[in-house]
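Hi,

Here is the structure for you to look over. My notes follow below it.

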Amino acid sequence: MAGNALRFKTNYAVSSKIEPFYKGGKVQISRDEKYVFCTCGPRVNVLQIATGKIVHSIEQDDQEDITSFSLSPNDEMLVTASRALLLKQWDWKQEKCMRSWRAIHNVPVASMTFDCTSTLLATGGCDGTIKLWDIVKQYCTHNLKGLSSVVHLVEFHPDISLLQLFSSSLDCAIRIWDLRTSKCICVLKSHYSAVTSLAFSPDGHTLISSGRDKICTVWDLKQRKEKRTVPVYEAVEGVVVLSENKDYSQLGVKSKDLHFITAGSKGVLRVWESSTARCVFTQTLPSAPVSSPEQTDGDPLSLVYCLLLPLSERLATVTAEHNILLYQLPSLSVQQQFVGYSDEILDVRFLGKEDTHIVVATNSSQLKVFELATSSCQILYGHTDTVLSLDVFRTRSMFASCAKDKSLRVWRMDPETGHMRCVAQGHGHSNAVGSISCSRLKKAFLVSGSQDCTIKVWDLPDDLPAVGEEPAQLVTRITEKAHDKDVNSVAVSPNDKLLASGSQDRTAKLWSLTDMSLLGVFRGHRRGVWCVQFSPLDQVLATASADGSVKLWGLHDFSCLKTFEGHDASVLKIIFVSRGTQLVSGGSDGLVKLWTIKTNECVKTFDAHQDKVWALHGSSKDDLMVTGSADSNITIWKDISEEELVELQAKQEDQILKQQELSNLLHEKKYLKALGIAISLDQPHTVLKVIKEIRQDEEGPLQLEKTLLRLRQDQKESLLRYCVVWNTNARSCLDAQAVLQVLLTHLSPDDLLQFQGARTHLEGLIPYTERHMQRISRLLQSSMFLDYMWQKMRVTGAKDSGELQGEEMDTSPQGIFILDKQSEQENTTHAAQQQEEDDDDDDDENEAPDSDEVQEEEESISTSKIANRQAGKAMGTNRVENGGHVSSEESSDEEDVMEISASKSTVSTPCIMTDAR
């Protein structure tokens with residue numbers, strides 16, 4: 001157990017991600033109510049409602065933002081329009097584009113919709129025109145003109161037999177188009193601001209329109225007149241008509257008259273009776289701050305879409321913060337919540353007994369609690385400004401938050417339902433509260449650090465309020481002016497006796513929590529300190545700074561023990577892992593680094609974010625960590641050090657077994673299997689050894705050819721790659737050339753070019769092969785010149801056999817001829833004088849000396865032949881031993897041979913000249 005605890009972490013892998021999937025724009029729900037379609041830049045994401053997972057992502061090839069889309073009522077076709085003025089028809093289940101065509105609009109398409117038969121598609125452009133398309137026959141059927149501005153709303157009448165299309169543009173009027181005549185048959189004027197939504201009654205005789213002029217208008221479509229104007233006192237973005245045959249008494253519906261629900265800038269749903277223009281029900285958001293009467297349209301709580309799900313009797317709303325909420329009718333209880341876009345992630349913490357949840361602070365006043373298993377989300381209301389920091393208590397069933405609204409809150413999780421509620425809150429700071437820390441041993445107190453340069457210690461009540469009661473008020477025990485600038489971080493020691501604080505004034509300080517007396521100051525950072533953390537075991541404090549470094553300080557003498565440098569920008573967050581023996585840091589360069597304290601070494605760098613890593617936290621079991629970044633991504637990391645160690649050990653064992661098997665196969669001369677194993681081990685030297693073994697066999701070339709041709713294509717690719725390296729070395733070039741001969745002989749050029757990187761490998765083979773060829777050519781020329789000279793010597797010796805008298809030749813093994821030219825000349829002169837003096841002698845007396853000279857010449861020539869043959873054998877042996885490679889010794893031997901040949905030709909010349917005389 002101790003061994004496992006002390007084992008260092010070596011690597012983390014991404015376990016899961018929570019990514020943005022909706023950044024504004026249209027939202028549509030499929031007819032079977034299983035999927036939500038929403039835009040996210042150049043993509044349309046398909047969210048499965050049951051699991052909360054993105055199951056499909058339809059992305060534009062040209063990376064142009066999607067301006068509008070529409071799903072056919074039969075859930076089969078998806079049509080998208082982009083800024084590239086293209087319409088694309090998709091089989092969204094296969095994520096395949098079926099066809100694309102020009103939208104004909106001169107500017108991007110702003111709105112589109114299908115008719116109830118999934119045959120006609122209407123597109124409204126920013127150029128003030130409406131075009132209708134027959135999707136089945138693939139042609140434009142209508143081109144409706146007459147509007148002067150952007151057509152942001154188009155809807156077909158639910159009764160397709162009427163062939164009517166309703167549209168609205170920025171002129172605030174609603175136009176009814178007769179598709180039989182392609183003319184506008186009526187203009188409905190009532191609104192003084194943009195019309196945002198149209199809803200038809202079930203019988204199709206009544207139309208309800210909503211606008212940002214804070215009214216809803218009820219229209220009689222038979223008479224094409226206004227029936228009633230309903231003042232709703234908020235900018236309305238969506239309107240939904242309730243069914244008449246359902247019981248909605250919980251929503252205040254007591255009559256059979258037409259009722260509708262509005263969603264707008266106040267962020268609440270309200271039910272209205274159309275006949276009396278009276279609001280019969282107003283939704284109240286639990287734990288939500290009270291909306292001010294002067295609430296603006298840009299409030300983050302405002303609703304931008306409202307959609308009815310009739311099959312499951314649910315209602316979907318989309319907020320201005322890109323959250324999608326599903327309510328159950330008629331109770332309007334929140335059933336599911338999805339966060340489409342979180343903006344910057346400022347802090348994140350694990351929650352729950354088994355770390356089943358995470359709580360996230362984003363660039364928002366709302367807190368988001370995600371269940372990791374299902375990605376479902378709870379949105380917690382309470383703060384009125386951006387939440388800046390979070391911390392959890394030891395049991396992880398409670399956590400604290402602080403925000404720019406100068407307050408802090410304590411939240412508790414219901415262990416059975418997982419529901420979160422606020423149990424305590426505190427006010428007292430005069431500026432934004434940027435950091436918070438909870439007590440470690442007991443749920444006793446909180447510490448907060450603020451931009452007002454003070455630190456406050458808050459006592460937590462023993463008895464927290466029950467469900468339904470008002471949150472308790474936190475009382476300040478001690479307030480201390482701690483730093484000269486903003487307090488960026490506070491941390492409570494594991495024994496609840498010490499407090500550390502880090503500030504923008506480039507210092508960190510150590511305090512006693514009993515009386516907030518200053519114990520020491522840590523100086524050394526060149527810029528502000530972003531984070532401070534106590535080691536869980538040692539008396540050590542870690543600090544992270546904007547100067548890009550992490551420092552470890554001793555608590556006894558406040559000296560710097562170690563400095564970790566590796567980030568190129570500010571280090572924003574640090575945590576201890578592996579029982580305090582390692583550190584994990586997150587920086588504004590988007591990198592997360594794992595450090596080993598003992599060696600000062602960065603073990604691993606993780607690059608999973610594109611922006612500042614503000615949030616970093618480890619699980620209670622030390623096997624998970626979570627990071628959050630300004631790129632709106634939340635990443636869950638899993639420790640895979642154990643898995644990698646086991647995998648490495650298994651790989652090593654497998655390699656040992658394969659090495660032993662390889663040795664056995666070579667011994668048994670099973671070359672094919674041996675070669676396959678050597679290639680699978682990716683050991684070029686072992687493969688070369690196997691090939692040498694094959695070539696040394698009696699039938700080496702034939703055996704090599706049979707073996708190589710039986711290899712798989714991937715093995716041949718590896719072999720070709722090895723040959724490029726072997727060919728650069730004189731010791732292994734012959735083996736490489738032998739392999740290449742087999743491959744080039746039996747494989748066609750097309751087959752070779754199919755190999756991965758074949759072109760590069762072949763280009764690498766050419767220069768060295770040409771060099772080997774030139775070397776062999778030079779050696780061949782030298783040997784042929786030697787043979788030529790030897791043949792000439794034999795011919796010359798035969799012609800001059802009668803005149804080589806007194807010639808001496810060295811018959812030593814070197815094969816070098818030594819001829820005494822002076823004795824030869826003396827003998828020749830003496831013979832001439834003797835012939836002149838003895839002209840009268842008999843011929844028999846002259847024949848005896850001539851026969852002796854011939855015999856002596858023949859013996860000297862025989863001796864020279866033997867010497868030359870021995871020299872030739874010695875050179876041949878040297879050539880074989882070197883395997884045909886030219887070395888410096890061989891080059892010198894060739895030069896010696898050339899000198900010998902020259903000496904031979906010099907020797908032969910006087911003999912020829914003598915014969916001529």
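First, a term: a crossing is left-handed if the near helix is turned anticlockwise from the far one by less than a right angle. By that convention, helix 6 passes helix 7 in a left-handed crossing. Please keep in mind that this is a predicted model.

The axes of helix 6 and helix 7 cross at roughly 145° and come within 9 Å. Helix 6 makes the contact with Leu-719, Leu-720, Cys-723 and Trp-726. Helix 7 answers with Cys-733, Ala-736, Val-739, Leu-740 and Leu-743. By class, this contact has 9 nonpolar residues, no polar ones and no charged ones.

Next, the core. The largest nonpolar core has 35 residues. Those with the most contacts inside it are Leu-675, Val-687, Ile-691, Leu-708, Leu-719 and Trp-726. Elements that give two or more residues to this core include helix 3 (671–680), helix 4 (684–695), helix 6 (713–726) and helix 7 (733–746).

Trp-726 deserves a look. Leaving out residues up to four places away in sequence, Trp-726 touches Pro-684, Val-687, Leu-688, Ile-691, Leu-719, Ser-732, Cys-733 and Ala-736.

4 strands form an open sheet in the order 10-11-12-13, with antiparallel pairing. Strand 10 (109–114) and strand 13 (139–144) are the edge strands, each pairing on one side only. Neighbouring strands are turned by 20° against each other on average, direction ignored. Strand 12 (residues 130–134) pairs with strand 13 over 5 bridges, in the antiparallel sense. Lys-131 stands opposite Asn-143 in strand 13.

Best wishes

Conventions:
Residues numbered from 1 in each chain as written. Predicted model: local features only at pLDDT ≥ 70, side-chain atom pairs only at ≥ 80, totals over all residues. Heavy atoms only, no water. Pairing = 2+ DSSP bridges. Axes fitted to C-alpha atoms, helices over the stretch in contact; angles between N-to-C directions. Core = buried A, V, L, I, M, F, W, Y, C linked by side-chain atoms within 4.5 Å. Buried < 20%, exposed > 50% of the residue type's maximum accessible area, 1.4 Å probe, protein only. Contact = heavy atoms within 4.5 Å. Nonpolar A, V, L, I, M, F, W, Y, C, P; charged D, E, K, R; others polar.
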